[in-house]
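Colleague: Got the model open on my side. Can we go through it piece by piece?
Modeller: Go ahead.

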There are 2 protein chains.
Amino acid sequence: MAGGYAGKLLKLDLTARKVTTEPINEKAAQKYIGGKGYAVYLLHQYLREYEKQGISVKDMDALDSRNVLIFVTGPGTGVPRFPSPSRYHVMTLKAPLTGSIGSGNSGGEWGAFLKFAGFDGIVVEGASDTPVYLAVVDGKAEIRDARELWGMNTMDTTRALMSAVKGKNTSVTCIGPAGENLVPMAVVMNDEYRAAGRAGLGAVMGSKKLKAIVVSGDKNVPVARPDEFRKVSDRCLDTMAKNAVTGEGLPTYGTAVLVNVINEAGAFPYKNWQSGVNPDANRISGETLTEKYLVRNRACWGCTIGCGRISTVKSGPFQIVTAEGPEYETIWSLGSACGINNFDAIVKAHHLGNELGLEPISVGSTIAAAMELNEKGYIPEEDLQGLVLEFGNAAAMVEAMWRTAYKVGFGKQLALGSRKLCELYGHPELSMSVKGLEMPAYDPRGIKGIGLEYATANRGGCHVTGYTISPEIVGIPEKIDPLTIEGKAQWVKTFQDFTSTVNSTVNCLFTTFALGAKDYADLLSNVIGWDISEDEIMKIGERIYNLERFIMGKLGFSDKDDTLPPRLLKEPMPEGAAKGQVVELDKMKEEYYKLRGWVKGMPTAEKLKELEVEV
Amino acid sequence: MAGGYAGKLLKLDLTARKVTTEPINEKAAQKYIGGKGYAVYLLHQYLREYEKQGISVKDMDALDSRNVLIFVTGPGTGVPRFPSPSRYHVMTLKAPLTGSIGSGNSGGEWGAFLKFAGFDGIVVEGASDTPVYLAVVDGKAEIRDARELWGMNTMDTTRALMSAVKGKNTSVTCIGPAGENLVPMAVVMNDEYRAAGRAGLGAVMGSKKLKAIVVSGDKNVPVARPDEFRKVSDRCLDTMAKNAVTGEGLPTYGTAVLVNVINEAGAFPYKNWQSGVNPDANRISGETLTEKYLVRNRACWGCTIGCGRISTVKSGPFQIVTAEGPEYETIWSLGSACGINNFDAIVKAHHLGNELGLEPISVGSTIAAAMELNEKGYIPEEDLQGLVLEFGNAAAMVEAMWRTAYKVGFGKQLALGSRKLCELYGHPELSMSVKGLEMPAYDPRGIKGIGLEYATANRGGCHVTGYTISPEIVGIPEKIDPLTIEGKAQWVKTFQDFTSTVNSTVNCLFTTFALGAKDYADLLSNVIGWDISEDEIMKIGERIYNLERFIMGKLGFSDKDDTLPPRLLKEPMPEGAAKGQVVELDKMKEEYYKLRGWVKGMPTAEKLKELEVEV
């Protein structure tokens with residue numbers, strides 16, 4: 001196998017309680033690299049196999065034991081001095097919250113340490129009857145009883161398995177109670193504080209009764225051309241160090257650096273997106289975090305950025321000794337989206353999310369939707385059981401975290417996610433989601449390109465498969481007008497393709513503030529030992545994105561699902577820098593489909609052939 | 001069968017999924033009446049049967065499927081105009097928290113409605129593999145699937161089954177998440193707000209996977225001599241209406257009427273019993289409850305006292321629209337015991353306890369013990385996972401309710417109960433419990449008689465099997481000095497015996513503030529149609545208490561377990577009305593054993609014979 005790969009995957013059949021290994025398919029790796037790309041390739045293989053067997057994946061429940069869950073690294077993962085090289089990707093054929101393809105990505109240590117344990121990835125099939133965990137230690141894998149771990153939060157699970165496996169480079173990925181309870185907003189958590197998996201990847205893990213995967217080992221990840229790699233790596237890390245975002249903004253303020261910036265752009269959603277201006281955003285800004293809550297920074301394995309925060313709340317009802325984060329998205333979803341500017345409560349709720357294994361964007365947005373439903377009188381009082389869901393009620397929001405993770409009291413309804421919650425109470429238009437996935441913290445009425453990204457992202461309302469905030473707000477690689485729709489289709493396509501490759505190498509998206517396709521081509525070529533051009537970097541990404549979209553078609557999605565909530569299309573922004581704006585989605589979408597060579601939102605046979613995608 | 005009895009029990013074999021009926025044994029009823037007495041009789045039958053089979057109940061786990069759980073009413077239950085006639089008793093051979101006999105009693109509606117459904121009681125044997133509930137409707141019983149109910153709180157469970165069974169007089173008793181999670185401080189909750197079962201009867205129910213019992217029906221409970229009964233009943237209800245406690249104190253202030261009274265006596269335990277004086281008790285008094293939190297009173301079925309409260313917290317971090325209570329014991333355990341005088345937080349935590357099915361005396365006391373352990377530096381910081389367990393931290397206490405019910409984070413340790421928690425951290429002396437059961441809200445250094453009651457109560461640290469507070473503080477039937485030990489042994493014995501009968505009729509103990517043995521003799525005689533004398537009322541109670549104690553011996557208990565925590569025996573009360581006092585337990589205990597005719601804390605063969613107890 002080429003450099004950068006361990007060369008093999010673990011295949012875990014939980015129904016049969018069997019672990020086998022299979023080699024990385026080199027031909028597939030050349031076309032899809034690793035990480036997300038290789039996982040999409042594998043998911044497509046499963047889809048084909050199911051079609052052959054006459055099984056309709058479209059009608060299959062996401063929690064069906066036949067659903068498959070894939071943990072995968074890339075050739076950059078675990079390579080010292082590869083830019084931000086700790087990450088792994090998680091995918092599933094069908095996500096519980098959306099019914100779409102499920103996809104998530106996480107840093108910390110686990111991805112790198114899986115490589116050190118001797119594997120590029122783990123494919124999980126079937127389901128166990130009783131809780132189990134997988135131990136992958138020094139090239140060997142074993143399914144073990146996890147009945148004692150079931151019910152534990154992510155911290156205790158992690159610590160228990162760190163103690164059980166005392167080897168070098170030990171790391172744990174697991175689910176918390178939310179995943180066990182099959183909450184469709186449950187995440188996969190690694191290293192206590194890092195999460196993968198919007199749309200309920202944690203619930204898929206829970207449905208398989210797979211509590212955790214602990215990895216440990218000290219195998220080196222091979223680098224094909226070490227001297228050349230060192231030179232390219234030095235160049236890239238130097239570029240990152242000198243970049244305003246990766247060298248200064250993120251290290252100094254964490255991701256929360258964006259709060260004031262996006263609020264000033266009039267695109268920081270407030271009270272379930274009723275406005276894009278939070279009048280008190282400074283109370284929950286990155287500056288405030290640094291000044292009043294920060295204990296120290298925290299970096300993922302091998303990362304030179306170090307955007308992670310360790311925080312504390314010193315007193316009061318939301319006191320907590322040590323918490324991680326909060327991140328920009330959490331500050332928004334558990335804060336501004338709910339009309340809450342109580343930073344103490346946000347830190348506390350963020351920590352509870354980590355502990356219980358809840359995905360904060362979707363949970364916070366669902367609480368926000370419930371607040372609007374309730375304030376408008378759509379929720380019968382008896383359903384709330386005394387919970388006062390009103391915008392600005394910080395304590396109710398924190399309590400809602402508990403309730404959602406355990407589906408208890410009104411938590412049963414909250415745990416549906418915003419789409420089904422709003423449908424239940426007769427107002428689906430109040431769910432600020434796309435394809436059932438709640439949108440992140442950028443109002444596209446004020447940043448148009450991201451609206452097209454939300455609408456067309458395969459997994460649903462997502463910002464990280466095509467982060468046009470980079471040019472539209474940050475000015476990288478160049479500053480463009482956030483309020484125009486001109487040229488946005490091309491930006492979205494370019495970012496979606498490039499990001500698909502970055503998620504397949506697999507390293508942190510934040511590197512793309514500083515590095516471009518040329519850098520990735522040089523890095524990959526020298527790690528793997530294949531000559532990959534800048535153009536190929538983009539083409540590989542496009543290939544991945546198209547195959548993923550092809551699978552989406554098989555799951556029943558079409559162009560009609562590439563849309564936005566009516567609030568963004570019809571209600572003009574009431575105030576701020578984007579006052580009066582709506583999202584002119586149809587025009588952008590038409591142009592985007594044309595650029596993609598898609599018809600009715602789906603790749604044509606010609607397009608797939610051009611991209612060498614065999615379906 | 002005589003009046004007052006439905007005449008039959010349901011017998012539920014959950015392992016075999018079978019329901020049968022068996023007649024009330026009239027001879028046993030004459031000796032043990034019903035309620036607790038009849039349950040003790042039944043438990044003794046099980047014990048004998050197990051002994052025959054060579055099964056050691058002493059070594060059996062309380063959550064073993066062979067443990068038996070009994071719900072039972074008495075001849076007074078469900079009889080209109082019987083004083084406070086709604087109640088039922090729950091017993092188990094072995095309680096999870098203590099290993100002692102388990103016993104609890106509850107009002108509301110369920111007890112009366114079980115009679116209306118046609119049965120005196122329900123005996124639950126075995127355990128189901130999957131969650132079930134029992135429906136008892138109009139004389140028929142059916143085991144039904146409860147998988148949809150599993151995970152629900154007590155409110156949702158109750159409402160779901162009230163909807164499923166729409167008959168007359170429908171009522172639900174059930175467990176919440178705490179019972180499902182086998183927390184040894186889980187209760188059985190009926191009618192959303194009424195609880196039975198200290199020492200983990202809810203966990204026994206959970207171990208059997210029995211989520212709930214819904215009852216419904218409109219059968220009359222027969223009264224043997226209706227005209228005579230009416231006269232006696234009128235007299236008793238009139239006495240109760242004119243009594244200062246049952247006619248005024250309890251209706252006006254609820255059980256919280258005691259807060260200021262007991263604090264002034266220097267016996268209101270504060271900060272895990274480090275003192276008997278709470279300097280700020282007035283903030284959490286019955287007067288404050290009535291003035292600032294009370295929405296309305298609430299009475300159990302047929303009760304003329306109406307001590308229940310419906311409360312609200314209007315704003316702030318512990319806001320809650322509608323809650324029940326809080327009761328005196330809760331106000332103390334979740335408040336004063338933890339050094340907390342934030343009434344908002346107490347109301348909130350009390351409601352969470354009801355919802356999740358937690359027993360507040362033991363949980364609050366366990367949190368208080370953890371606070372003392374932590375303040376003294378005995379708990380490693382990493383175990384607490386950021387939870388700031390310090391006296392007075394109201395938010396941490398509320399959070400601890402969530403954690404305990406779900407055994408999550410430090411809740412795993414809290415859910416052990418105070419004895420095992422304090423043992424775990426090397427300081428068993430800080431558990432303020434007897435036989436593993438946390439003591440209620442009266443410091444016996446200031447009220448000596450209750451100390452003997454705590455030490456000798458069969459189920460462990462308990463105030464309701466011999467409530468000497470009545471003479472020692474309230475002055476009923478006469479005022480005696482709380483600080484002397486003179487004569488206390490006799491008072492304790494008398495109260496324990498009398499209470500055993502009252503718990504077998506079964507009606508509310510609060511009636512005993514106004515009614516005496518003569519009243520009970522007259523009430524019972526006319527309901528049942530047997531002539532029961534005042535002396536027999538006391539003898540029946542003594543018989544029950546002795547048989548219960550005999551069973552305790554079989555479970556491995558002896559005189560050495562009839563003790564108090566060292567703090568009460570050795571640390572003089574530091575301040576207040578009882579300053580300098582300790583409990584002179586040995587002297588009282590010696591006298592008590594003598595009065596009881598017990599040797600080494602156990603009834604002799606002669607004593608049992610005298611009481612016509614066949615063992």
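Colleague: How many bridges pair strand β14 with β15 in chain A, and in which sense?
Modeller: Strand β14 (residues 308–313) of chain A pairs with β15(A) over 3 bridges, in the antiparallel sense. Two strands count as paired if DSSP finds at least two bridges between them. Helices (H or I, at least four residues) and strands (E, at least two) are DSSP runs, numbered from the N terminus.

Colleague: What stands opposite Ser311(A)?
Modeller: Ala323(A), in β15(A).

Colleague: Before I go on, where do these values come from?
Modeller: This is a predicted model, where local features need pLDDT of at least 70, side-chain atom pairs count only at pLDDT 80 or more, and totals for chains, interfaces and linings use all residues. Residues are numbered from 1 along each chain as its sequence is written, chains are lettered from A and ligands numbered from 1 in the order in which they are written, and side-chain values use heavy atoms, with hydrogens and water left out.

Colleague: Back to the sheet. What is the strand order?
Modeller: β13-β14-β15 in chain A, an open sheet of 3 strands with antiparallel pairing. Its edge strands, β13 (294–298) and β15 (320–324) of chain A, each pair on one side only. On average, neighbouring strands there are turned by 20° against each other, direction ignored.

Colleague: Which helices lie across β14(A)?
Modeller: Helix α10 (residues 286–293) of chain A lies across β13 and β14 of chain A, at about 60° to β14(A). Helix α12 (residues 343–356) of chain A lies across β14 and β15 of chain A, at about 65° to β15(A). Axes are lines fitted to C-alpha atoms, for helices over the stretch in contact, and angles run from 0 to 180 degrees between N-to-C directions. Contact means heavy atoms within 4.5 Å.

Colleague: How many of its residues are buried?
Modeller: 13 of the 18 residues of α2(A), so the helix is largely enclosed by the rest of the structure. Buried means under 20% relative accessible area, exposed over 50%, partly exposed in between (1.4 Å probe, protein chains only). Just after α2(A), Gly54(A) takes a positive phi of about 75°.

Colleague: What about a pair in chain B?
Modeller: Tyr293(B) and Phe343(B) form a tilted one, 4.8 Å centre to centre with 35° between the planes. That pair links distant parts of the chain, 50 residues apart: Tyr293(B) is in helix α10 (residues 286–293) of chain B and Phe343(B) in helix α12 (residues 343–356) of chain B. Tyr293(B) counts as buried at 10% relative accessibility, and Phe343(B) at 3%.

Conventions: Phe/Tyr/Trp six-rings, centres within 6.5 Å; stacked < 30°, edge-to-face > 60°.
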